[in-house]
Amino acid sequence: EINRLNTNTRKILGLELKKVKYIRTLGFIQGTTINLLRNCVIVFLIYLVFRNEIAFGDYMLFFMYSFFIFNPLQEFGNIIQLYRETEVSLTNFKQLMEQPAEEIPANPVKIGPIKEMEFSSVSFKHLTSTRHALKNVSFKIKTGETIAFVGPSGSGKTTLVKLLVGLYKPAEGNILYNGHAYTQIDINELRAQLGFVTQDSQLFSGTIKENLLFVKPDATDDECMTALNRAACHSLLNRADKGLDTLIGEGGIKVSGGEKQRISIARALLRHPNLLVFDEATSALDSLTEEEISETIRTLSNSQEHITVLIAHRLSTIMHANTIYVFEKGGIIEYGTHEQLVNNKGLYYAMWRQQVGETIEILKNH
Ligand code: ADP
Ligand code: MG
């Protein structure tokens with residue numbers, strides 16, 4: 001690492017020296033030329049004064065004017081340097097601004113609050129990948145229901161929720177929200193109703209409150225506190241001496257991975273979303289906290305007010321779901337309730353046995 005750093009530093013130093021050389025050369029040539037020119041003009045004017053072609057007053061006048069012409073010329077080098085340096089940033093900025101904007105249909109159908117959602121034979125392939133991340137996936141879900149996706153890492157669960165929230169477009173098949181195809185609706189209307197907690201959630205440096213208000217700028221302090229309590233943030237709040245106005249991150253209290261995850265769960269809950277998506281949101285937490293948050297999720301799903309989509313590795317977190325879909329290599333290989341799947345003796349049963357087995361092992365050791 002030190003060698004790599006040194007190599008890079010030397011490279012920068014080399015370029016910087018090259019730049020200074022250029023600028024100095026340019027400055028020298030430019031300064032000399034301009035001074036020479038100016039002196040020639042003055043000599044010529046003095047010559048004219050001696051020949052009585054112009055008066056001394058005219059000479060002084062020219063002399064004064066020459067300041068206004070030659071001084072700006074002297075700035076020329078600086079302008080070139082500034083221009084070249086800014087050009088780099090401007091090119092980057094231009095590239096960014098030239099990214100095609102997300103397509104929104106000209107006359108989008110208003111979908112209203114999301115009540116049902118359907119995937120019909122959806123397939124998807126990542127641009128850089130050779131094989132399909134999802135193959136022929138179909139399912140349907142209504143308000144009040146909870147569905148869960150389980151399966152090994154890389155089986156396409158995250159890809160599926162990204163399709164669901166409109167971050168990707170399906171290659172084949174259709175996604176319907178309240179019966180309208182994804183191509184007909186303004187996807188932002190859907191996103192405004194969404195609470196999405198991802199595997200790797202991001203917080204901004206700022207206060208706890210600022211991080212929460214990000215999704216709902218008009219939320220009151222009470223609403224924030226309720227959301228935080230529902231997301232099991234007690235320990236964090238106990239440490240926060242200024243309450244909601246406590247800074248997190250640099251210069252404030254440091255939050256652990258689990259606490260970060262809990263704040264992002266609070267952030268998702270604050271919005272009272274119609275569609276709640278948890279993508280391995282509790283995997284970074286210890287099992288007791290996970291249980292606490294799962295309890296919150298269960299209460300939420302039981303309130304029958306929204307659609308809940310869960311992805312989790314610990315099967316105890318998702319066993320209450322109305323339907324559990326088991327993924328393998330981008331396809332649904334089995335689905336049903338927890339009891340049905342356990343009776344099926346398929347992949348789910350194998351995963352369940354292993355996790356229950358671990359628990360029994362732990363109990364034995366104590
Ligand atoms: P899971 O969440 O079930 O662990 P993912 O949906 O993240 O799985 O990934 C499914 C498959 O898609 C994997 O084989 C992965 O390598 C591939 N994949 C995921 N994201 C990308 C990407 N941005 N580009 C190319 N391939 C990807
Ligand atoms: Mg994933």
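Let's start at Ser-155: one of its backbone N or O atoms sits 3.2 Å from an oxygen atom of ligand 1, which is a polar contact, meaning a pair of N or O atoms within 3.5 Å; within protein, one must be able to donate a hydrogen and the other to accept it, and residues adjacent in sequence count only if both atoms are side-chain atoms. Gly-154 also uses a backbone N or O atom, 2.6 Å from an oxygen atom of the ligand. His-126 brings in its side chain, with an N or O atom 3.3 Å from a nitrogen atom of ligand 1.

A word on the ground rules. This is a predicted model, where local features need pLDDT of at least 70, side-chain atom pairs count only at pLDDT 80 or more, and totals for chains, interfaces and linings use all residues. Residues are numbered from 1 along each chain as written, chains are lettered from A and ligands numbered from 1 in the order written, and side-chain values use heavy atoms, leaving out hydrogens and water.

Back to the ligand. It has 13 residues around it, and Gly-154, Gly-156, Lys-157, Thr-158 and Thr-159 come nearest; the cut-off there is a heavy atom within 4 Å.

Lys-157 takes us to helix H4, residues 157-164, where six of the eight residues are buried. Helices here are DSSP runs of H or I, at least four residues, and strands are E runs of at least two, numbered from the N terminus. Buried means under 20% relative accessible area, exposed over 50%, and partly exposed in between, with a 1.4 Å probe and protein chains only. Lys-157, Leu-160 and Val-161 are among the buried ones. Just after H4, Gly-166 has a positive phi of about 80°.

Now, which side chain of opposite charge is nearest to buried Glu-280? That is Lys-157, 4.0 Å away, yet Glu-280 has no salt bridge; a salt bridge needs a side-chain nitrogen of Lys or Arg within 4 Å of a carboxyl oxygen of Asp or Glu. For charges, Lys and Arg count as positive and Asp and Glu as negative, with His and the chain ends not counted. Glu-280 does make a polar contact of 3.0 Å, side chain to side chain, with Gln-199. You'll find Glu-280 in the loop between strand E9 (275-279) and helix H10 (287-302).

Last stop, Leu-96, in helix H3, residues 76-97. Leu-96 counts as exposed because its relative accessibility is 57%.
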